[in-house]
Structure formats: structure tokens, C-alpha cells
Amino acid sequence: MDLAFKGWEIIEKIYFDFIMCLSPDSCWDQNLLKDVQLIYTVGYDVLKDGSEETTSVAPPVDEMVETVNVLSTNNKTVRDSRYHLDTIVAEHIDFSKLQVVVLGKDLAEDKIYPYIDVIYRDPRHHLNARLAMTDTSAKELLNQPIDSQKNKSEYYAGLLESSEIINVIPKMTLQHACTILLDPGIDLFIPLLVYRDELKRAEAIGTSLFSKDKYTGTFLNHDQSTIFNVLRNKTDRVVRMTRKYSEDKEPEVSNYMTMEFKNTKTSLKLLKDPFRISVKIKLKGAVAEYGPDHLVGTKKLDSIESWWEKTLKKDTEDLFTILKENQSDILGIGRMTAALMPDEWDEKEWHEKFSQLPVEVEVDMSISSTGIID
């Protein structure tokens, strides 16, 4: 009986300890939501005196009220600016649920790594948060009114994600950005956001180009960004492209053709004698929209395929011209060179060498169906 009683006593003690562990008052490392101010979106700017300005966007306290807290502080470093936020709010600032980081234009034209290093190294930060930049200051963008079904704190994450789905911008996270910045064989690329006054919304207009760790002042538009994603083999969903196919149709919309490509595959190779890049793109898709219809017939389809091959070849060549003119190796040709042709690789001289590198482009396209009424 004594042993049985002793056994029950041990069981009761274990149960009591377990219940106490679940009690909020007993957990020394708890972080209660009522005690913190979650930040979903944050922007960073550099001021004329060299100090850093942090603008944070927090979700509304009451879900029934759409008002969000937009707070800005500036100090000598990113961490100091963020510490200062705690002096003007009733709760502790918490970045563990961060969704989007926006960089202002002036900051992006500077060396950006020191500004995002503190985020990258802090284990409490969400490294899968998306990174973007704007053509003004981050503070100006994040203080603009947003007419959306989502509150402003979550709006920018949704905006970037929806633009990624249709392949008009690439996805860029904090972790990926820092990895690129530490790799001399590839340059950074970041989605570019602008504010549209007439819509009271922001728009992802394309992909900003960096040379080393500085913004070049040039960006790829939607069509160019789509081709960039094709070249990277980063098109998990359907790729849509619209081009002006004819000149003499009425109404004007009838001159345009939209293609949907479900299968795209790109091969990038380095060739010697002379040292050059070989690009081979294979696409398989359907005509999603073309006003005149009547596309039945082998000759017509062959003609359309040939036209798209020539058009996409020129578009790809134009894209490489832009990259070389800006010495922006966002495709990681330098990384490939260092691994496969080390004799051609020189970290200090690579960007100059890349700007002179010949490019050969070949496009092979097939139409599986017209996708419209013939």
C-alpha cells in the first residue's frame, strides 16, 4: 500500500508541474501578444546627414478599425532607430512576424548590406520576409493612403505575392538577398514599387538592377522581368506574354496576341574560343487571345511560331544588352564562370568583362493549341 501511495504521489507531482508549465505566469521566456506591437512591414531610408530612418507599419489593434500605426524614427544605425521605436509605443516592438522590407531609393543607391545585416543576423527575424524597393523614400511610400481590401500592414506582402504569381517580378527574400550580396559571382535584383495617386494603391512595376551592392538606376519592366524569370527557370506557373502581332487590324486590340506558356526551359552555357554565353529557350504554349481567330492550318501555326521565336529572341538579346550596359550580372554568369571556367574569372575585373561578353540566343517555340474558337 505504501508503494502504491508513493507512486500516486509522484504522478500527482508530475501532473502539477506540467500544469504549472502551461500557466503563463510560470514561463520565463514568454512573449504575450498583449505586450508586443507586431510589425508586418518596415521601410529603411538614409538621410542627407548619413543617419538611418526606420518606418514601421503595424496592424490595427482592433480588427474592426482599419487604422494602422505608421511610425518613423531616425538614428545613427538601423538597430538604434529600432530601439528608439520602443520609446514611443506602449508595447515592445516585435519584428518576428515581418512580411516585407522596403528600401528607399537613396539607400538602394548606397551600399545596402550594412542596412539589412542587422535583420539577417537577428535570430528572431523572419528571413523569408520579402524585400522590395521604391522610387522615392520608403517613408513616403508607406505613409501613402491605400485603397484595398487588406489593411496597409499586410497590403504590400499581398501585392508582391500576387505579382510573383503572374511572373512580372521575381521573388526576393531577405535571406536570398544577403546570400547574393555575399557572392561576388551574382548581382542583386529587387522588385520595384511605385505609388499611383489616381488608384491610391502601389504597383510592382518591375525589377530593379544592381551592380555589386548598389542600385544602377535602371529597372526591367513587366515584359523584361517575365523573360528574366524564364531565363532563371523560375516560372512554376503559367507564363503569359502579349505582343503586337499585326498592324492593320480593326479595332486596335485585334492586332495583339496573348500566349500562355505552361512549359518553359532555359539552358545557359559558357563557350570558349571566344568566351561567350549560349542561351537556348524552349517554350510550349497556346494562343490565349487573338481577336481575328481563324488560326487553323499548319502554315498559319508555323508562321506564328516563327514570329514568336524571332520576337522573343530579340527581346532576350535586348535584355542582355540592358544587363551589360549596367554591368548587372543578375543571372549569375560570374558564378558559372568561376565554377566552370576559372581561367576566365577575375573578381575585380568581372563586371567590366561581363559588359563585353558576346551572347548567342536561340528560341524554340511550339504551339500545342490555339486556345480559342477557330
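Asn 74 touches Leu 47, Ser 51, Glu 52, Glu 53, Ser 81 and His 84, leaving out residues up to four places away in sequence; contact means heavy atoms within 4.5 Å. The model is predicted: local features need pLDDT of at least 70, side-chain atom pairs count only at pLDDT 80 or more, and totals for chains, interfaces and linings use all residues. Residues are numbered from 1 along each chain as its sequence is written, and side-chain values use heavy atoms, without hydrogens and water.

**Confidence**
- The chain averages a pLDDT of 87, and 86% of the residues score at least 70; pLDDT is the predictor's confidence in each residue, from 0 to 100.
- Helices (H or I, at least four residues) and strands (E, at least two) are DSSP runs, numbered from the N terminus.
- Over residues 26-32 pLDDT stays under 50, and the model has 6 contacts for them beyond four places in sequence.
- Where pLDDT is low, the predicted coordinates should not be read in detail.

- Asn 74 sits in strand S4.
- Asn 74 counts as partly exposed because its relative accessibility is 37%; buried means under 20% relative accessible area, exposed over 50%, partly exposed in between (1.4 Å probe, protein chains only).
- The C-alpha atoms of Asn 74 and Leu 47 are 8.6 Å apart, with the two residues 27 apart along the chain.
- In S3, 7 of 7 residues are buried.
- Glu 52, Thr 54, Ser 56 and Ala 58 point one way from S3, while Glu 53, Thr 55 and Val 57 point the other way.
- In a regular strand the side chains alternate between the two faces of the sheet.

**The sheet**
- An open sheet of 8 strands has the order S4-S3-S2-S6-S7-S8-S9-S10, with mixed pairing; two strands pair if DSSP finds at least two bridges between them.
- The edge strands, S4 (69-75) and S10 (214-220), each pair on one side only.
- From one strand to the next the twist averages 30 degrees.
- S2 and S3 pair antiparallel over 6 bridges, and Val 46 has Glu 52 in S3 as its bridge partner.
- S2 and S3 form a hairpin with 5 residues between them, and Gly 50 in the turn has a positive phi of about 90 degrees.
- S3 and S4 are also antiparallel, over 7 bridges; the partner of Glu 52 in S4 is Asn 75.
- S9 (residues 201-211) and S10 run antiparallel, joined by 4 bridges; Ser 208 is partnered by Phe 219 in S10.

**Helices**
- Helix H2 (residues 78-85) lies across S2 (41-46), S3 (52-58) and S4, running at about 130 degrees to S4.
- Axes are lines fitted to C-alpha atoms, for helices over the stretch in contact, and angles run from 0 to 180 degrees between N-to-C directions.
- In helix H4 (residues 113-121) the buried residues are Tyr 113, Tyr 115, Ile 116, Asp 117, Val 118 and Ile 119.
- Their cover includes S2, S3, H2, S6, helix H3 (105-108) and helix H7 (174-181).
- His 351 lies in helix H11 (residues 350-355) and is buried, with a relative accessible area of 7%.
- Beyond its neighbours within four places in sequence, His 351 contacts Asp 187, Ser 211, Lys 212 and Gln 327.
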